[in-house]
Each structure stands twice: as structure tokens, then as C-alpha cells.
Amino acid sequence: MMDKIHWQHRLIGITGARGVGKTTLLLQYLSKRLDKDRNSSLYVSLDHIWFSKNTLLDLADQFSKSGGKVLVLDEVHKYANWSREIKNIYDFYPELQIIFTGSSLLEILNSAADLSRRAVLYSLRGLSFREFLNYDQGCDLPIYGLDTILNQHQEIADEIVSQVKPLQFWNDYLNHGYYPFYKEFGELYHQQILAVVNLILEVELPMLRKVDVAYIPKIKQLLAIIADSVPFTPNISKLSEKIGINRATLLTYLHFLEESGLIYGLHQNNEGISLLQKPEKIYLNNPNLAFALGTNVDIGNIRETFFLNQVSINHKLNLPPNSDFQIDKNWIIEVGGKNKKSNPTCDYYAIDQIETGIHNKIPLWLFGFLY
């Protein structure tokens, strides 16, 4: 992400789920600037107690008068009037560049002040398998486009395998490689994921989606049901009866969980999807969540969750009639193990536990090199 952001723009927004590294990204950027100009940059977290008696505009005014140039605002969703005040800072202090981060639930497009015309927005995801290998093993493996992987997977896999044995680190990634904080927490990694989930449900949903705190236990129950049986084919009527909420509220909560980066809803057709349209299948967002939340971790589900998580960042996926996934309304792909049976409707197979593929059988791990 560091190399993709147009840092010269005056207003930059970075959103993403908790724990994917937004704060670290900002601090890394600032550390590069400090070598050139130590006194012109300021990092502020908007949950700081200073803001109980001061405003963001006050801060910008003081900083500008002190020669400030780059104002970095972390976790803007924790400040009540963040969008309006950022717009005012942008308009009144043209010498300031503003970079801000916020929850994946942050509604930039629907904020009270229209920032969408002013801000360049980026969405940060967790580590891909490629990024995990680079981070964990000190590799320098490149990104490959989907077309390239589909058509040249044998040559690409041979090149990667000559540098690192992907399957040696495959299970590590599925278990604890998506959120970069795995190095910091070690054996407590899954407990930290649960803490992140609780913060999303207990703090961010009430704050940013105005969910009544009395209903948070029902959302936790919903997430637990999904985690225990993914890929989950929802029967909305039975599920709403079991949890004790009506159909419309249940579908709204599913939408919130997807916005939060906790689940992924797969539809047969992605066009014109409404808030109240139920997904055909529901997956957890990434395999690490399955190990942290699920009591019944199924390898078939882990494989499909990995594929969905890695491919969906740059491509549209939907559920075809007789297979696992359709990408961009073009390629139909099935995900499975070495003994996956052939399917006449399938264009390609993403196969687990193989180093290199042949013909239309592609190593599943290679789809972790799309970003």
C-alpha cells in the first residue's frame, strides 16, 4: 500500500478493519519524512484526552501557525464531528496536508461534510500470503495479476519455489498470518483476534452504526453460529427465530458484519444487491478468524475462505450454479484438495497441497500472490 498511495495529494483517507496495520503504515510514512523535515509533521490519535477540551480545528490552527505541513489523524471515527472539521481544515488551511485513518465502517461518502470530492481514499487489507512470506521470511516476491496466474502458473510457481518453499509456511499463514500483529502477540494471537472482534462489536457498531448495545449479544450469537458452520447457507426465517430478531434486522446485522471485515457474503449475482437481499453463502472474512472463532475448523472451508479473501480484493466473485466461485462473471473455479473430482462446468481448479500445477490445475497458495 505504501507505494500505491499518492502521498502528494492534500487529503488522503485510509480505511480498513481493526488490526490490519493502518497506524503502522502512517508511522512508517512519517519516519521517512522525519529524515527530511523533522518539525513539519504531526501524528495525533483522535481518542486522546486532549480532545475532551479542544477541537480538531484548534489543533490545526496551532499546528499551521507553528509551520506545520503534514497533519496525520488516526482513528477519526472516535471524534464526533471529524468529517465537518476535516473539511473546514482542508478549506481554511491550504498549506496543510491531511492524512486520516478510520474504521472499515467509516462512511466517507455519506458523511455530513462531503469529503468524497476532496479525499483520495484507500482501503487497507490484511497480509496476503505473498506479503506474509516477504514479512516472515525476508523474501522479495512480486505481485502477479490474475490473468498471469491463470495462464502462466507453472512458470510462476517454479520461480517462487526456487526461492522459498510455500507449503512449508502455508499452515502458519492460514492459522496466524493475516493480521500483522501475529509477531507481537505470539501464542496469544488468537486471543488478540477475539479482543479485536469484541471491540468491533461492542464499540464500533454502536458508535458508527447506532446499534443498540442491548442487541450486541444477539450479533455475537449470530457470528458464533456462522463461525461454527461456515460456509454457512443461511435460512433467514429459522435464524431470525432462533436469535429472536426480525428478518430485516437480521439482514442488516449481516451487512454490518460484512462491512466490519468479519464475514463475507457470497451472492449468485452481484448486480443490484440490496441491503435486505440474503447471501447464498456466508464465509468468515479470513482463515485466521476461523481458527480464533470456530469450534469446528474444516479444511475445505479454510481453503475456500482463503481463496475468497485473496481474490476478492481486486475482483468480483459470485456463486455459480454448480461450482464454488465465478470471478468477474468470466472464470468458474473450484477449490479443493489433490483428489478433487473434475467438473465439466469448471474452467480452473485451485488445488491445495501441491507446489506446482499442470494444465488447468493451479496451486491454491498461488492465489495469495494477487496483492
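View A. Buried means under 20% relative accessible area, exposed means over 50%, and partly exposed lies in between, using a 1.4 Å probe and protein chains only. Arg-118 makes a salt bridge with Asp-91, with the closest N and O atoms 3.6 Å apart. This pair joins distant parts of the chain, as Arg-118 is in the loop between β4 and β5 (120-123) while Asp-91 is in helix α3, 27 residues apart. Asp-91 is partly exposed, at 36% relative accessibility. A salt bridge here is a side-chain nitrogen of Lys or Arg within 4 Å of a carboxyl oxygen of Asp or Glu. Helices (H or I, at least four residues) and strands (E, at least two) are DSSP runs, numbered from the N terminus.

As you look through these views, keep in mind that this is a predicted model: local features need pLDDT of at least 70, side-chain atom pairs count only at pLDDT 80 or more, and totals for chains, interfaces and linings use all residues. Residues are numbered from 1 along each chain as its sequence is written, and side-chain values use heavy atoms, with hydrogens and water left out.

**View B. Helix α3 (residues 82-92) has several buried residues.** They are Trp-82, Ser-83, Glu-85, Ile-86, Asn-88, Ile-89 and Tyr-90. What covers them? The cover includes β1 (11-16), α2 (56-65), β3 (70-74) and β4 (97-103). Tyr-90 also has a charged neighbour, as Arg-10 lies over the face of its ring, 4.0 Å from the ring centre. A charge sits over a ring if NZ of Lys or CZ of Arg is within 6 Å of the ring centre and within 35 degrees of the ring normal.

View C. An α-helix has 3.6 residues a turn, so residues three or four places apart point the same way. Asp-61 is partly exposed at 24% relative accessibility, whereas Lys-65 is exposed at 67%.

**View D. Glu-75 and Lys-78 belong to a network of salt bridges.** Their closest N and O atoms are 3.5 Å apart. Glu-75 is buried, with 17% relative accessible area, while Lys-78 is partly exposed, with 29%. Which other residues are linked in the network? Arg-18, Asp-47 and Glu-204 are linked in it too. In the whole structure, a search finds twelve salt bridges.

**View E. Phe-181 and Phe-185 form an edge-to-face aromatic pair.** Rings of Phe, Tyr and Trp (its six-membered ring) pair if their centres lie within 6.5 Å; planes under 30 degrees apart count as stacked, over 60 as edge-to-face and the rest as tilted. A search of the whole structure finds 21 aromatic pairs. In this one, the centres are 5.7 Å apart and the planes are at 85°. Phe-181 is buried, at 13% relative accessible area, and Phe-185 is partly exposed, at 25%.

**View F. Asn-285 is found in the loop between β7 (281-284) and α12 (287-293).** Is Asn-285 buried or exposed? Asn-285 is buried, with a relative accessible area of 13%. Leaving out residues up to four places away in sequence, Asn-285 touches Tyr-178, Gly-261, Leu-262, Ile-263, Tyr-264, Thr-305 and Asn-309. Contact means heavy atoms within 4.5 Å.
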